Amino acid sequence: MEKQRKRRCRVVLVTCPFQGHINPMLQLGTVLYSNGYSITVAHTKSNSINPSNYPNFYFLLIPDGLNECQYSSGDEIAEILRLNDNCKITFQECLAQFMEQLKAQDEMISCIIYDEILYFAESVANRLELPSIILRPAGANFFISRSALLQFKDGGNLSSKGLESEDTVPNFHPLRFKDLPLSKFGSLETMSQLLDNASHTRSSSAVIFNTMDFLEQPSLAKIEQRCQVPLFCIGPLYKFAPALSSSLLKEDISCITWLDKQTKNSVIYVSLGSLTLIDESELAEMAWGLANSKQPFLWVVRPGSVCGSDWLESLPEGFKESIGERGCIVKWAPQKEVLAHGSVGGFWSHCGWNSTLESISEGVPMICRPNSGDQKVNARYLSHVWKVGLELENEVQRGEVERAVRRLMVDKKGMEMRDRAKDLKEKTELCIGKGGSSYNSLNELLKLISSF
């Protein structure tokens, strides 16, 4: 990308304190920095990023007024709503003070880019007379599915029975009612309040999506019809950004050495994300299913992810002996490097959007085990539209796990999915290459920011 201007203009990024939101925002910041902008990352105390990983960024702490009990409650929806209530005044005060410091250095803020669910930042931008841009870190299909959820809720057509229905949502094919993006945290009312507030552009100047035109074109076309500001699809952002770590958990790079010893496309990589919780019986069924598949596997078991367990003490007796060197279990993995490794032939995922994009971009087909929110939407598209995913919908049982792994890794259907995944990888590479849609969209975004 061409340098847009000397490093005297600054972009303020307002980050949401969840791993799936932090990654694309910091990747965007890295891209902007490489194009001549100074970067300030405004963040709350919860899940703070390690500044040493980003020595060229300035970090601005927003006092959020939350106590330790509220941080550790596990209720994401309530936490985000409180942040929006608590941070409007404190962010305005600390940003105004920061702007005074910048004046003395002959520096200015070009704009604020904020995560869509931290919409308090848009109000602050207005008060300080700064342009603002929204980053929507999830996909366009998820955004459209939210409008379906709000539409049917407002019409009084969503009962608990209805939300478990296999019926297709009218005008929202291929989504079923059970695929609508409900969270396991909070009530339908509080989630609807958050989604409604996050869906409006208000006075923001543009919207950024971390996606590719070819992947979500029908949903993007619907959004463009409704949206009064420019949309910039510049995904996958991690492909534009240097390999800096934004992981909140320590990555175990020893697994790469283990992968180096495996044969091409033989390994199933298993990781259910940074928030998913499972119980001991599900862990046991996953373990024996993986063992019985006879396929090599790299399995991320996050400390604390198994209810009532610190780490691996809940693994069933005899499991480790049965797998020998065929399995590698780590607390956290460098996922982008893992998925790009030649020995990895499949990915069992919770289908968060970052994981979905990374798997598509590296040409790796998936086993889909969504938990809540956008994961269910992504899993449905992976399995029924892009056809590079197999969805595990029923209670996890070892026989079903074994069949799914073998179907993906060695059967004809898995080979066909791998071919389709390879095709999506090639299309992604065209998108980010010179003249591609994401490349061009990023250049247009840079032009807009330079015009402020």
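Reply: A quick definition to begin: helices and strands here are DSSP runs, numbered from the N terminus, and a helix needs at least four residues. With that in hand, Asn23 is found in helix H1, which covers residues 19-34. Also keep in mind that this is a predicted model.

Me: OK, is Asn23 buried or exposed?
Reply: Asn23 has a relative accessible area of 12%, and because buried means under 20%, Asn23 counts as buried.

Me: Which residues does Asn23 touch?
Reply: Leaving out residues up to four places away in sequence, Asn23 touches Ser246 and Asn354.

Me: Where's Asn354, and which residues around there are buried?
Reply: Asn354 is in H13, where the buried residues include Trp353, Asn354, Leu357 and Ile360. Helix H13 spans residues 353-361, and nine of its nine residues are buried, so the helix is largely enclosed by the rest of the structure.

Me: What comes just after H13?
Reply: Gly363, which takes a positive phi of about 70°.

Me: Which residues have a positive phi although they're not a glycine?
Reply: Glu129 is one of them, with a phi of about 55°. Glu129 lies in the loop between helix H4 (120-127) and strand E5 (132-136), and at 73% relative accessibility it counts as exposed. Asn171 is another, with a positive phi of about 70°. Asn171 is found in the loop between H5 and H6 and counts as exposed too, at 69% relative accessibility.

Me: Switching to peptide bonds. Where are there cis ones?
Reply: The bond from His173 to Pro174 is cis, with omega near 10°. Pro174 is in the loop between H5 and H6. The bond from Gly235 to Pro236 is cis as well, with omega near -10°, and Pro236 sits in the loop between strand E7 (231-233) and helix H8 (237-240).

Me: Now charges. How many salt bridges does the structure hold?
Reply: It holds 15 salt bridges. In general, side chains of opposite charge can pair when their charged atoms come close.

Me: Show me one. What does Arg10 pair with?
Reply: Arg10 meets Glu107 in a salt bridge, at 2.9 Å from N to O. Arg10 is in strand E1 (residues 9-14) and Glu107 is in the loop between helix H3 (76-104) and strand E4 (108-115), so the pair ties together parts that are 97 residues apart in sequence.

Me: And are those two buried or exposed?
Reply: Both Arg10 and Glu107 are buried.

Me: Which residues are in a network with them?
Reply: Glu166, Arg176, Lys178, Asp179, Arg380 and Glu393 are linked in a network of salt bridges.

Me: What about Lys447 and Glu444, how far apart are they in the helix?
Reply: They are three residues apart in helix H17 (residues 437-451), which means a separation of about one helical turn. Lys447 is partly exposed at 47% relative accessibility, and so is Glu444 at 40%.

Me: Where do charges gather on the surface?
Reply: Lys387, Arg407, Lys413 and Arg420 gather in a patch of positive charge. Lys387 is in the loop between helix H14 (374-384) and strand E13 (389-391), and it is partly exposed, at 45% relative accessibility. There is a patch of negative charge too, made of Asp279, Glu280, Asp310, Glu313 and Glu395. Asp279 lies in the loop between strand E8 (267-271) and helix H10 (280-293) and is partly exposed, at 36% relative accessibility.

Me: Last one: how many Å separate Glu416 and Met108?
Reply: Their C-alpha atoms are separated by 53 Å, and the two residues are 308 residues apart along the chain. Glu416 lies in helix H16 (residues 412-432) and is partly exposed, with a relative accessible area of 35%.

Methods. Residues numbered from 1 in each chain as written. Predicted model: local features only at pLDDT ≥ 70, side-chain atom pairs only at ≥ 80, totals over all residues. Heavy atoms only, no water. Patch = residues over 30% accessible without salt bridge, like charges linked within 9 Å, V, L, I, M, F, W, Y side chains within 5 Å. Areas by Shrake-Rupley, 256 points an atom, 1.4 Å probe, with all protein chains shown as cover. Salt bridge = Lys/Arg side-chain N within 4 Å of Asp/Glu carboxyl O. Lys, Arg positive; Asp, Glu negative; His and termini not counted. Charge placed at Lys NZ, Arg CZ, Asp CG, Glu CD. Helix = DSSP H or I, 4+ residues; strand = E, 2+ residues; numbered from the N terminus. Buried < 20%, exposed > 50% of the residue type's maximum accessible area, 1.4 Å probe, protein only. Contact = heavy atoms within 4.5 Å.
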